[in-house]
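Here is a short briefing on charged side chains and how they pair. Look over the sequence and the model first.

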Amino acid sequence: MGLPLPMNNLHAPTVPSGPTSAPTTNGTSSHLSFTELQQKKDNVEAELKALGAVLDSHAVDMNTPLLTRDGFPRSDLDVAQIRTTRARIIRLKNDYKEIMANVEKFLHEHFASAAEGTQTNTPAIAGASGILPDSDSQQLDQPFAKVNSVAANSPAELAGLKAGDEIRNFGYVNRANHDGLKKVAECVQGNEGSNIFIKVSRPSGVTSREELRLTLTPRRDWGGRGMLGCHITPM
């Protein structure tokens with residue numbers, strides 16, 4: 001069971017032990033553009049990885065029995081969290097199948113139009129033949145957290161984070177689903193040693209801001225507290 005994490009202090013590397021819940025995805029993905037499908041695919045993959053880490057932290061998988069032979073919940077497991085996490089994984093896997101089906105449909109239509117001489121400039125899906133460039137125009141999410149401080153030589157500093165940065169996206173986490181920053185902590189734990197793409201808005205001069213996409217790699221062995229080495233608070 002994870003220890004409670006003060007949500008205003010992400011120096012700590014733990015995640016809350018309560019239910020791992022998140023809003024279900026909003027309906028069909030058939031109306032999304034190719035760029036939006038790519039982003040949604042990446043978000044689902046990242047969240048599935050983090051949820052898998054939650055199950056690993058309890059030493060269970062999707063098939064581990066949660067009841068005793070007498071039909072009672074096992075006292076050695078956090079049955080409520082495990083059930084909630086499993087349910088979320090099942091929903092996300094169904095969403096992923098739908099996303100990939102729409103990706104396949106999109107690519108089929110794209111290549112069909114190319115064969116007819118009406119090819120459009122469609123970027124490749126990550127995992128197929130390339131990755132969408134950062135310059136693709138996407139609607140920016142509203143910031144949901146602000147960086148108050150960054151420790152020297154920390155993963156956060158190496159990623160380029162600075163005090164005053166406003167976080168729009170932290171991996172699959174955004175303003176709609178951050179749940180008081182609990183999902184940020186979950187994303188960090190589930191991606192130790194792996195890259196997390198974050199989008200930040202940074203003051204530039206008196207009236208302007210710049211939008212940045214940074215790559216953060218959580219690590220425990222950087223020499224300071226936690227896996228990030230920064231302090232963020234919800235907005």
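Is Glu-192 buried, partly exposed or exposed? Glu-192 is partly exposed, with a relative accessible area of 38%. Buried means under 20% relative accessible area, exposed over 50%, and partly exposed in between (1.4 Å probe, protein chains only).

This is a predicted model: local features need pLDDT of at least 70, side-chain atom pairs count only at pLDDT 80 or more, and totals for chains, interfaces and linings use all residues. Residues are numbered from 1 along each chain as its sequence is written, and side-chain values use heavy atoms, with hydrogens and water left out.

**Salt bridges overall**
- The structure holds 10 salt bridges.
- A salt bridge is a side-chain nitrogen of Lys or Arg within 4 Å of a carboxyl oxygen of Asp or Glu.

**Across two loops**
- Arg-220 pairs with Glu-192 in a salt bridge, with the closest N and O atoms 3.1 Å apart.
- Arg-220 lies in the loop between strands E4 (208-216) and E5 (230-234), and Glu-192 in the loop between H4 and strand E3 (196-204), so the pair ties together parts that are 28 residues apart in sequence.
- Helices (H or I, at least four residues) and strands (E, at least two) are DSSP runs, numbered from the N terminus.
- Arg-220 is partly exposed, at 44%.

**Within helix H4**
- Glu-186 and Lys-183 form a salt bridge (3.5 Å, N to O).
- They sit 3 residues apart in helix H4 (residues 182-190), so about one helical turn separates them.
- Glu-186 is buried at 6%, and Lys-183 is buried at 3%.

**A linked group**
- Salt bridges link Lys-41, Asp-42 and Glu-45 in a network.
- Lys-41 is buried at 6%, whereas Asp-42 is partly exposed at 28%.
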